[in-house]
Amino acid sequence: MFLRGAGAAAALTLCFAAIAGADTVIALPGGEITKTLSDGTVITVRLVGESAQINPSMGSTPAHRNAWVSGSAQVDLSGSGGSAGGIVFPGYTVGCQVDIAGGGANGGVEGGLRSDGQNVTPQVGATSGANLTLGPGQAKSFYLLDRERADDFGNESHKMYNRFSGTSGSVTWTDETLGLSGCGGYAQARAFVSVEVRSNTVSSWITLWGKPFSLG
């Protein structure tokens, strides 16, 4: 009788441990932003279908987290320059024990996003890839896309964006991995979608930020 009771207690303990380590699925609200350029071109950027599945302790330590993120970045153009096309950069910002809720082109974090008129150059903490190591008070950003191709000279080239022509474009991602190590305290992440549009007379950059969510 005692052995059966001990077995039941052990099974109950394992059950509670499994529940405590279970993944958490977060449905996120996405967002929308509209900007009208000086020539009458109207840019609308949307983040839809956004979600994150959080595993709070990869590696069995509080310093490791893992998430699988999904969403869709959508861009619509209208007005006088509505057929100009554009470039879409989807990505995420991750912070360790730091507030990443601030707005602005850089979101108050390390790095930035820059266009030099010819090419759009990543200037974020991690230009591509989603395995980050952060200490307290640190934040980094990364782009989701890493499209490998040969340049005009046959050398390897990496593109962190999707270029579209005409009045609309989009990028959709499903269960993309976001890994964080080295952070022993609370951690957050948030999506961003940056878009560059060049009409015949004007060039503009616009960034939409998603809602921050906890990584545990």
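Biologist: Where does Asn55 lie?
Modeller: Asn55 lies in strand β3, which covers residues 42-55. Helices (H or I, at least four residues) and strands (E, at least two) are DSSP runs, numbered from the N terminus. This is a predicted model, where local features need pLDDT of at least 70, side-chain atom pairs count only at pLDDT 80 or more, and totals for chains, interfaces and linings use all residues. Residues are numbered from 1 along each chain as its sequence is written, and side-chain values use heavy atoms, with hydrogens and water left out.

Biologist: Is Asn55 buried or exposed?
Modeller: Asn55 is buried, because its relative accessible area is 14%. Buried means under 20% relative accessible area, exposed over 50%, and partly exposed in between (1.4 Å probe, protein chains only).

Biologist: What does Asn55 touch?
Modeller: Leaving aside neighbours within four places in sequence, Asn55 is in contact with Asp23, Arg65, Asn66 and Trp68. Contact means heavy atoms within 4.5 Å. With Asp23 there is also a polar contact, side chain to side chain, at 3.0 Å. A polar contact is a pair of N or O atoms within 3.5 Å; within protein, one must be able to donate a hydrogen and the other to accept it, and residues adjacent in sequence count only if both atoms are side-chain atoms.

Biologist: Change of topic. How confident is the predictor in the chain?
Modeller: The mean pLDDT of the protein chain is 75, and 68% of its residues reach 70 or more. That score is the predictor's confidence in each residue, from 0 to 100.

Biologist: Where does pLDDT stay under 50?
Modeller: Over residues 1-20, and for these the model has zero contacts beyond four places in sequence. Residues 103-128 also have pLDDT below 50, but that stretch has 63 contacts in the model beyond near neighbours in sequence.

Biologist: Which residues touch the most other members in the largest nonpolar core?
Modeller: Tyr92, Val94, Leu178, Phe213 and Leu215, out of 39 residues in that core. A nonpolar core is a set of buried Ala, Val, Leu, Ile, Met, Phe, Trp, Tyr and Cys residues joined through side-chain atoms within 4.5 Å.

Biologist: Which strand gives the most to this core?
Modeller: β14, with six residues. Apart from this core lies another, of eight residues, among them Phe89, Tyr161, Trp205 and Trp209.

Biologist: On to the rings. How many aromatic pairs are there?
Modeller: The count comes to six. Rings of Phe, Tyr and Trp (its six-membered ring) pair if their centres lie within 6.5 Å; planes under 30 degrees apart count as stacked, over 60 as edge-to-face and the rest as tilted.

Biologist: Why is the pair of Tyr92 and Phe142 stacked?
Modeller: The ring planes of Tyr92 and Phe142 are at 20°, with the centres 6.1 Å apart, so the pair is stacked. Tyr92 is in strand β5 and Phe142 in strand β9, 50 residues apart, and the pair links these distant parts of the chain. Tyr92 counts as buried because its relative accessibility is 0%, and Phe142 is buried at 1%.

Biologist: And what kind of pair do Tyr143 and Phe192 make?
Modeller: Their planes are at 70° and their centres 6.1 Å apart, so the pair is edge-to-face. Tyr143 lies in strand β9 and Phe192 in strand β14, so the pair ties together parts that are 49 residues apart in sequence. Both Tyr143 and Phe192 are buried. Ring pairs also link Tyr143 and Phe192 with Phe89, Trp205 and Trp209 into a cluster.

Biologist: Last one. Where is the place of Trp173?
Modeller: Trp173 is in strand β13, and its relative accessible area of 5% is why it is buried. The side chain of Trp173 makes a polar contact with the side chain of Tyr92, at 3.1 Å. The C-alpha atoms of Trp173 and Gly71 are separated by 5.5 Å, although the two residues are 102 residues apart along the chain.
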